[in-house]
Each structure stands twice: as C-alpha cells, then as structure tokens.
Amino acid sequence: MIFASDNWAGASQPVMDAMVRHNTGAAPAYGTDPLTLKVRDRFREIFETDDLTVWFTATGTAANALTMAACARPGGLVLTSDIAHVLCDEWGATEFFSHGMKMVPVETRNGRISAEALSRELAKHPAGSRFGTPVAVSLTQASECGTVYRPDELAALTRAAKERDLVCHMDGARFANALVHLGCSPAEMTWKAGIDVLSFGGTKNGCWCAEAIVVFNQDALRDLAAHRSRAGHLFSKSRFVAAQLDGYLENGHWLESARHANAMASRLAEGLAASGHALAHPVEANEVFPVLDLATIARLREAGAAFYEWPEIEAGEGTSGVRLVTSFATKPEEVARFLEIAAG
C-alpha cells in the first residue's frame, strides 16, 4: 500500500526494455545521436508543431529552474501558485540559477490560480516598480492539489500574462495525468493555450530519470542551451535519456500509465467518500487528499501503508489531512486493502 509518492515507483518495463535495447554499439555524444533526434521528432508529432525544441534534464527541478534562468532579467519576478513546487520544494533553485529573481506567490483555490488573481497580483507590480519587474508566470499541471487547469482556464491566464509580456511556463511534472483527465490534445493544453515552454515530466510516470524542457516560443529562451550546459545537465551519453523517453512515448505507453494511475486515484477517492471520509480537493489526476481520523491513520500505518500527513489541509480535532499518490505501478489490490482498513 505505497501511496507516499509516485516517485517511489520504479521504472516501467517498456522504459527499461528501451534502455537495454539502445545499449548497443557506439553513438555520438552530447545529444547529437540519432535516437535523441528521433525523440525530438516524436515530440514534434505529439505537440503538432515543428517549431519546437527539446532539451533533456535529469530532474524536474532542473527543468523548471533552467527555464526561469533562460528568461531572467535584472530584478525579475516569477509569479506562481502559493503552493507550487518551484516555490516550496526546490530549495530556491530558480532564485539561484536566475541570479536572484524573486518568486511571487499568487493565491490559489484547490491549487489553481485564476486569471483574476493573477491580474490582481500583476497590478501590484507596475512598470518601473523598484520592487521588481514581472518576467514569467509558472503554472503547475496537474496542480499540487491534484486538480487540473482546463485549456480555456490556461488561455485566460496566458492572456493576462502576455498583456505584460510575461513568459508562460508550465510545470508538467504530472503532465500526462492532467492530459488524460482532460481528454484534449497536448497542443491544446500547451502552445495553443499560450504556453511558451513546458517542463515535461517523465520520472513520476514510469521513467527512471528523464525530464524535458519543451520550448514552443524560441524567442523567449534564446540562451537555454548555455544555461543547461553550465548547470551540468547536458548529458554526454544523452541517448540513455532519449532511450527512456523513446520507451515512454512508444505506443501510447505514457498515456496508458497515466490513465491507470488516475483510475487508481479515483477508486481510492470513491471508496474513502463512501466510508464517510471527507476529501479536501476534487480528484482529477493521481492525488487524493482525504481527512482521516487519527485512529484510522494509525491502523493504516500499522498495516504497512505508506503516505504523508499534509498539514496544509485544515482538519478538526482528532483528524489529519493526508496525501495519497497513485502511480502506474499501483495495484488494485493495494487500493482495496487500503479502503478495507480505512472503512474500519
């Protein structure tokens, strides 16, 4: 009953098979190999545009921070959710790599920023303000609360941002989970909605160590290649990152993995609600945030369940909010056992 994080899951079999399959012979280094170019072209097919570049990194933190570094300006401000990973969990990586740009939290509801909230925050920072100049907005898809922005919501946010010439970034650590929930195309959820650059996550959904910065607006991030190299994320044996993404994207494996994770989360949510446990947020991807009584939490942990209590969730006396995350590797019997114990 492993629900602590989708990062706890291993790599999927198609990803591992691709790693082995491509571990033969010699190949040019530093991203000039045929497989890296093949994966780039696959991204162009998926996102329905040839005006796209792809830059591999080892981690999502690197993808986010190097993107912000590439669009940095002196006194720059990055607006993002008040609970975003880039703000709360990356040890100031954006500030470090961007040479001091400040992060500005924007209020959220169920993890999502509204266009109105973004506009209110932008109004606090008029042109010429000595406090700083807004440079970028970063939107998390799916959000830290497991909720998902619809394409029209994204478009409203990017319109507000582009009125101030902001670069629009999407942190897509759980991009596939959001995509299968919406049932739209990758293009509709990104560049067609005004997104300039995407941190495309693979690690949480079955890759071993593979993330990609996908740039739709080439003018917005001209120095990205230099920032990536200087930060140590230009792999000499780039083909092994490409191999993971090759196996991940092949035959729709990435979407099937996300559908499974989302289905397991929905099953958890439905079962917990049926047992009388409140849910703090709508369940739209692969995260569930129930409020459980302390006795239930103790029973679950004694039975071997792994999950985190979540202090951001308001809970009454004798209860605690928790976060449950499913993955491509979550088994239905794990969910059933968890629900059986939670039901008391």
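**Chat on a predicted model**

Me: What follows α12, and what is its phi like?
Reply: α12 is followed by glycine 304, whose phi is positive, near 105°. Helices here are DSSP runs of H or I with at least four residues, strands are runs of E with at least two, and both are numbered from the N terminus.

Me: Where do the model and the numbering come from?
Reply: This is a predicted model, in which local features need pLDDT of at least 70, side-chain atom pairs count only at pLDDT 80 or more, and totals for chains, interfaces and linings use all residues. Residues are numbered from 1 along each chain as its sequence is written, and side-chain values use heavy atoms, with hydrogens and water left out.

Me: Back to α12. Which of its residues are buried?
Reply: In α12 (residues 294-302), they are Thr296, Ile297 and Leu300. Buried means under 20% relative accessible area, exposed means over 50%, and partly exposed is in between (1.4 Å probe, protein chains only).

Me: Why are they on the same side of α12?
Reply: Because they cover an arc of only 100° around the axis. The arc is that of the directions from the helix axis to the C-beta atoms.

Me: What do they pack against?
Reply: The buried residues of α12 pack against β9 (291-293), β10 (308-309), β11 (319-325) and α13 (332-342). Contact means heavy atoms within 4.5 Å.

Me: And α8, how many of its residues are buried?
Reply: In α8 (residues 175-182), 6 of the 8 residues are buried, so the helix is mostly covered. The buried ones are Phe175, Ala176, Asn177, Ala178, Leu179 and Val180.

Me: Which elements do those pack against?
Reply: They pack against the strands β5 (167-172) and β6 (197-201), and the helices α10 (239-249) and α11 (253-274). Just after α8 comes glycine 183, with a positive phi of about 75°.

Me: What are the spans along the principal axes?
Reply: The C-alpha trace spans about 55 × 55 × 30 Å.

Me: Last one: of the contacts between residues at least 6 apart in sequence, how many join residues at least 24 apart?
Reply: 76% of them do.
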